[in-house]
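Dear colleague,

Please find the structure below, handed over for your files. My notes on what was found in it follow directly after.

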Amino acid sequence: ETPRAINFGAGPSCLPDSVLKEAAAGLFNFAGSGIGIAEISHRSKEFTTFLTEVESLIREQLNVPSTHSILFAQGGGTGQFAAVVLNMLARHRLLHPEVADSERTIDYVLTGSWSKAAVKEATRLTANSQVKINIAADGKAHSTDGKSYESIPPHDSYTFSQDPALIYYCENETVDGVQFSNDEGDASSFPFHLLPKDKLLPLVADYSSSFMSRPIPRLADHAIIYAGAQKNIGPAGLTIIIVRQDCIVDVDAAVALGSTPVPSVLSYKYLADGKSVPNTPPVFSLYVAGLVLRRMKTLGGLAYFLETNRKKQEKVYAAVREGEARGVFVPRVKEGSRSWMNIVFNVPGDGAEGKFLAGAEKRGMKGLKGHRSVGGIRVSLYNALEEEQVDRIVQYMREFIEEST
Ligand code: PMP
């Protein structure tokens, strides 16, 4: 039998062995029902009970206040690129029906490929309206070559609109390895202090690749936080949305006033009214996510993962710095903006990168190739990756440095 590889993939990514074994049993017989999880009705009492538990496991561990609902959907992060625009523009129109579209803005903070992809989708969806897209800050403008995303933009470079329908940022850029820091006051944290304090903020955050890896700062100040499950908590197919209740609006009432119609599956009201099962949810993905979340709670919740994930990234970045000092590795992201989840660096020199990857593969380590758009090496350190597995790559990185110098 082929042994399981150490999987550093960026998503879909590794899941805990214990959960996979449990899930395999659940495929045959879910919750003592005599029916497998992929076969049972999403309206059965067994599944309904399980879904309630999944929600409370997220609510408890992330400390989600009662002002916010937790919704489950399909469509991934890409589905949410569209959903946030449609729902938040509908909300803005219902709040300010007198405002002309040419006066309506949506603000985006650009820090990498995924926030850029979100802007692209927003551009498509507003093509026939006069809604303006304001790039509130652009990480590229502050990079060494003017072309890459290598740091969180400095706080004095942000220009938010007066009353935007949404303010968008991507907490962790999976491709570029740029992440907003959690340490409040840190120069590379999201500039919450620049936003108005006297009103409900239309703040939207893509947490796809850092969800449940550590606590979410200022969670209560967000209108929407969303994440695809396929990094830290489960298989692809499930999207988790934390939405403040004032953002669950009657999108059809907004259409009557001139807004773009919203497909049901993208409407937060449709999902909320149907308690996340208005239509068939991704039953199996929800099941595995629930098992992962249960395990997380047993291990000590986010406090545990905050500490373990902190140690994991410290170890890998230490090896990157050693390699940098000896000309073997070149980190792509500036200190202070470096992601805990996706560590990206180059291995300069003819064929050096291929050699690094081949050596890793020989040692049973996979999924290290950088995203096809940027190349290089990417080490993803999601929750299911154990510290001992991180030690293995760190050891290999040191061997590689020795061999190369
Ligand atoms: N946002 C981020 C930060 C991502 O990492 C990804 C996918 N890797 C997406 C959005 C797109 O998500 P999906 O593939 O689930 O549509």
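Ala 31 sits in the loop between helix 1 and helix 2 (45-62); helices (H or I, at least four residues) and strands (E, at least two) are DSSP runs, numbered from the N terminus. This is a predicted model, in which local features need pLDDT of at least 70, side-chain atom pairs count only at pLDDT 80 or more, and totals for chains, interfaces and linings use all residues. Residues are numbered from 1 along each chain as its sequence is written.

The phi of Ala 31 is near 50 degrees, a positive value in a residue other than glycine. Ala 31 is partly exposed, with 16 other C-beta atoms within 10 Å (buried means 20 or more such atoms, exposed 12 or fewer, partly exposed in between, with C-beta atoms placed from the backbone).

Met 212, in the loop between strand 8 (203-206) and strand 9 (224-228), also has a positive phi, near 65 degrees. Met 212 is buried, with 26 other C-beta atoms within 10 Å. Most residues other than glycine have a negative phi, and most peptide bonds are trans.

The peptide bond from Gly 11 to Pro 12 is cis, with omega near -5 degrees. Pro 12 belongs to the loop between strand 1 (6-7) and helix 1 (17-28).

Yours sincerely
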